[in-house]
Amino acid sequence: MNITIEQIAELVKIFVAGDDVVSAETPAVRQIVKVEGGWIFYGDVSRRGDEVVVRNGGTVRFYCEPNGGLNRLASHKPSDKTKLDPAPGAIRFPASKVYATVDIQSGGI
């Protein structure tokens, strides 16, 4: 059986390193994420174990989208009334707090 260096590197990400378990991060998908407490985030969403990580995005502070709400926001340019707050870095929260996700289409946020 032959194994490549890339396959070994992937396995190392998954197995235990010292006392800490290292989890591989899933590939990022551009999404809107609705989270417990009424928070709505947007960006490149991935998972690392039980944690959700949002990069290259921010918070939807207020949205006023005619004919579709978050679904319209995911597929069209935001209206002038919608308020987006870009995040300076990654946003992290427990996966158990996610209520819903909407994939962002081209032309969306």
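**Notebook: a first look at the chain**

I began at helix 1, residues 5–14, and found I8 in it. This is a predicted model, so I keep that in mind throughout. Is I8 buried, partly exposed or exposed? Its relative accessibility is 38%, so I8 counts as partly exposed, since that class lies between 20% and 50%.

Next, the overall plan. I counted what the protein chain holds: two helices and eight strands. Reading from the N terminus, I noted the order α-β-β-β-β-β-α-β-β-β. The protein chain has 109 residues, and 27% of them count as buried.

Then I went to the strands. Which way do strand 4 and strand 5 run relative to each other, parallel or antiparallel? Strand 4 (residues 39–48) pairs with strand 5 (residues 51–62) in the antiparallel sense, over seven bridges. One pair I picked out is V45 with its bridge partner V54 in strand 5. The hairpin of these strands has two residues between them, and there G49 takes a positive phi near 65°.

I stayed with strand 5 to see what else it pairs with. Strand 7, residues 91–94, runs antiparallel to strand 5, and four bridges join them. Here I found V52 opposite F93 of strand 7. Strand 6, residues 83–86, is also antiparallel to strand 5, again with four bridges. On that side F62 has K83 in strand 6 as its bridge partner.

Last stop: I32, which sits in strand 3, residues 29–35. Why does I32 count as buried? Its relative accessible area is 1%, and the cut-off for buried is under 20%, so I32 falls in that class.

What touches I32? Leaving aside neighbours within four places in sequence, I listed its contacts as I40, F41, Y42, L70, L73, A74, A100, T101, V102, I104 and I109. I looked at T101 again: I32 and T101 are 69 residues apart in sequence, yet their C-alpha atoms are 5.5 Å apart in space.

Methods:
Residues are numbered from 1 along each chain as its sequence is written. This is a predicted model: local features need pLDDT of at least 70, side-chain atom pairs count only at pLDDT 80 or more; totals for chains, interfaces and linings use all residues. Side-chain values use heavy atoms; hydrogens and water are left out. Buried means under 20% relative accessible area, exposed over 50%, partly exposed in between (1.4 Å probe, protein chains only). Two strands pair if DSSP finds at least two bridges between them. Contact means heavy atoms within 4.5 Å.
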